[in-house]
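Hello,

Here is the structure I said I would pass on. Please open it alongside these notes.

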Amino acid sequence: MPTPPMTADVDLYRAPAVFEAERAAIFARSWQFLGLEADLVRPGDYLAEVLAGYPVMVVRDNERGLKGYHNVCRHRAGPLVGDAKGRCDGDFVCRFHAWRYSFDGRLKEATGFGPADGFDPGDFGLFPLRVETWRGFVFVNLNLKASGLAEALAPLDARLGDQPRRTARVRDSHPVACNWKVYVENYLDGYHDEGIHPALAAEVGAQRHEVHVEGEVALFEASNPKGSADTLWAWLWPNLGLSVYRGVLLLEHMRPQGPDRTVIDHLFLYEPEDPSVDAAILNAERICEEDAWINERVQQNLDAGVFQHGVLSPSHEGALSWFQGRVVKALGD
């Protein structure tokens, strides 16, 4: 007799060794959102972030292309830039010993290093990343041989179609005391709205009960699509949510900080003078607070050592089953 799918092993959500394995097997091999191309206008403009423990940066080079590198000097691992956004005047200069690198990654000057037999500056260029853009968003991938970003986002691109030009923005971050996968699974779950988000569940067409996975993208279908033409929920493997609600586009980046710590970065984009933006942002913030509350308590219960395996609904939690299987496959177990 067939049995419903079971949840992944509880150690996937609490073991430090698993988190370290995920950094290499998942986050070093997937497209990660970094920021807005609009912040990279002039040569030398850069964006920097730490993604799953990897310090990365992207710069607009002198030929007006985008180049990406690990924010790590090849001398003694000092940082090349210290802020999340800024501008370099012609070169990267290490903040530790002032080694100087061109925007193409070459070591131009090992400042003050002195003579050393066998030292070839050509062997000490910056560690490169792949950089691609999509609809004005900048993504990086540590895997230089990864498939293209457009291929991963094709299902979402088709669903979005033409969108208005949203140039105004609001950013905020929410620390949540849970494993990143707990938060992702909450996002992929259209089964919990009435219990956790009563205001959302009460709205016509807002219930997210059906989730379809297409390639790297999960797309949410409202249980009652009437009146929801301007509403979209989607998610990109492994940790980026994207939604359109009341005309406001929200990117929700679920960034792991450790086996039991996650930061949720929100980027709201909207048309200037949009009168509905305040209500849309307040709604999203309320939902994030409600999700944080339940996810932190789920993590506490996973850590308690009583729960080992649960069961998944074939009707409502197929995307969770797919996600857990994808994680297990990436880890090679």
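Below are the overall figures, then a look at one residue.

This is a predicted model: local features need pLDDT of at least 70, side-chain atom pairs count only at pLDDT 80 or more, and totals for chains, interfaces and linings use all residues. Residues are numbered from 1 along each chain as its sequence is written, and side-chain values use heavy atoms, with hydrogens and water left out.

Overall picture. The protein chain has seven helices and 17 strands (DSSP runs: H or I of at least four residues for helices, E of at least two for strands). Its radius of gyration is 22 Å, close to the 20 Å of the globule rule for 333 residues, so the chain is as compact as a globular protein of that length. That radius is taken over C-alpha atoms, and the rule is 2.2 Å times the number of residues to the power 0.38. Along the principal axes, the C-alpha atoms fill a box of roughly 70 × 50 × 30 Å.

Of the 333 residues, 50% count as buried (under 20% relative accessible area, 1.4 Å probe, protein chains only). Take contacts (heavy atoms within 4.5 Å) between residues at least 6 apart in sequence: 59% join residues at least 24 apart.

One residue. Gln 324 sits in helix α7, residues 318-331. Is Gln 324 buried or exposed? Gln 324 counts as buried because its relative accessibility is 6%. Its side chain reaches the backbone nitrogen of Ala 8 at 2.8 Å. Beyond neighbours within four places in sequence, Gln 324 has contacts including Met 6, Thr 7, Tyr 13, Glu 185 and Leu 312.

Best wishes

Notes:
Polar contact = N/O pair within 3.5 Å; in protein donor to acceptor, adjacent residues only side chain to side chain.
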